[in-house]
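Colleague: Can you walk me through this model? I would like plain answers.

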Amino acid sequence: MVKMVALYRRPANVEAFMAHYEQVHLPLVRQMPGLLKLEVNRMFHPKGGSVNPFLMAEMYFESRESLLSAMNSEAGRKSGEDLKAFAGDLVQVFFADVESEVL
């Protein structure tokens with residue numbers, strides 16, 4: 001299994017960012033073929049206050065091939081274009097092989 005991880009720095013207008021993220025961006029991501037699991041993590045500090053990064057999304061795929069295929073699909077291209085347009089200066093994207101254990 002592999003995943004794509006998007007880490008977002010806190011935008012100046014969190015409400016507008018989250019409205020676009022939830023109403024426009026996530027529906028595009030959910031259309032990516034082969035997407036097995038989507039996790040959206042809202043970061044926090046245990047003592048309160050704001051943190052950076054403030055948001056992390058993890059998108060899981062069966063293999064590197066399925067991830068690359070999803071990224072090259074129409075839904076993948078639209079999601080990537082949207083990401084650049086609304087969060088290009090706030091996001092870093094990483095790719096990882098997943099090894100997990102249930103303890």
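Predicted model: local features only at pLDDT ≥ 70, side-chain atom pairs only at ≥ 80, totals over all residues.

Modeller: Residues are numbered from 1 along each chain as its sequence is written, and side-chain values use heavy atoms, with hydrogens and water left out.

Colleague: How many aromatic pairs does the structure hold?

Modeller: The structure holds six. Rings of Phe, Tyr and Trp (its six-membered ring) pair if their centres lie within 6.5 Å; planes under 30 degrees apart count as stacked, over 60 as edge-to-face and the rest as tilted. One of the pairs is Tyr-8 with Tyr-21, which is edge-to-face, with 5.5 Å centre to centre and 75° between the planes. Tyr-8 is in strand β1 (residues 2-8) and Tyr-21 is in helix α1 (residues 14-30), 13 residues apart. Helices (H or I, at least four residues) and strands (E, at least two) are DSSP runs, numbered from the N terminus.

Colleague: Tyr-8 and Tyr-21, buried or exposed?

Modeller: Both Tyr-8 and Tyr-21 are buried. Buried means under 20% relative accessible area, exposed over 50%, and partly exposed in between (1.4 Å probe, protein chains only). Tyr-21 also pairs with Phe-86, and that pair is tilted, at 6.5 Å centre to centre and 45° between the planes. Phe-86 lies in helix α3 (residues 74-87), 65 residues from Tyr-21.

Colleague: Why does Phe-86 count as buried?

Modeller: Phe-86 counts as buried because its relative accessibility is 17%.

Colleague: Which residues do ring pairs link into a cluster?

Modeller: The cluster consists of Tyr-8, Phe-17, Tyr-21, Phe-54 and Phe-86.

Colleague: New topic. How many salt bridges are there?

Modeller: The count comes to five. A salt bridge is a side-chain nitrogen of Lys or Arg within 4 Å of a carboxyl oxygen of Asp or Glu. One of them joins Glu-58 and Lys-3, at 2.5 Å from N to O. Glu-58 is in strand β3 and Lys-3 in strand β1, 55 residues apart. Glu-58 is buried, with a relative accessible area of 7%, and Lys-3 is buried at 17%.

Colleague: What does Glu-39 form a salt bridge with?

Modeller: Its partner is Lys-37, with the closest N and O atoms 3.0 Å apart. Lys-37 is partly exposed, with a relative accessible area of 40%. Lys-37 also lies over the face of Tyr-60, at 5.2 Å from the ring centre. For that, NZ of Lys or CZ of Arg must be within 6 Å of the ring centre and within 35 degrees of the ring normal.

Colleague: Which residues form the nonpolar patch on the surface?

Modeller: Leu-68, Met-71, Val-93 and Phe-95 form the patch, with about 340 Å² of accessible area together. Helix α2 (64-72) and strand β4 (91-97) each give two or more residues to the patch. Patches are made of residues with over 30% relative accessible area and no salt bridge: like charges are joined within 9 Å, nonpolar side chains (Val, Leu, Ile, Met, Phe, Trp, Tyr) within 5 Å. Accessible areas come from the Shrake-Rupley method with a 1.4 Å probe; for residues, only the protein chains shown count as cover.

Colleague: Where is Pro-53?

Modeller: Pro-53 is in the loop between β2 (37-42) and β3 (55-61). A cis peptide bond joins Asn-52 to Pro-53, with omega about -5°.
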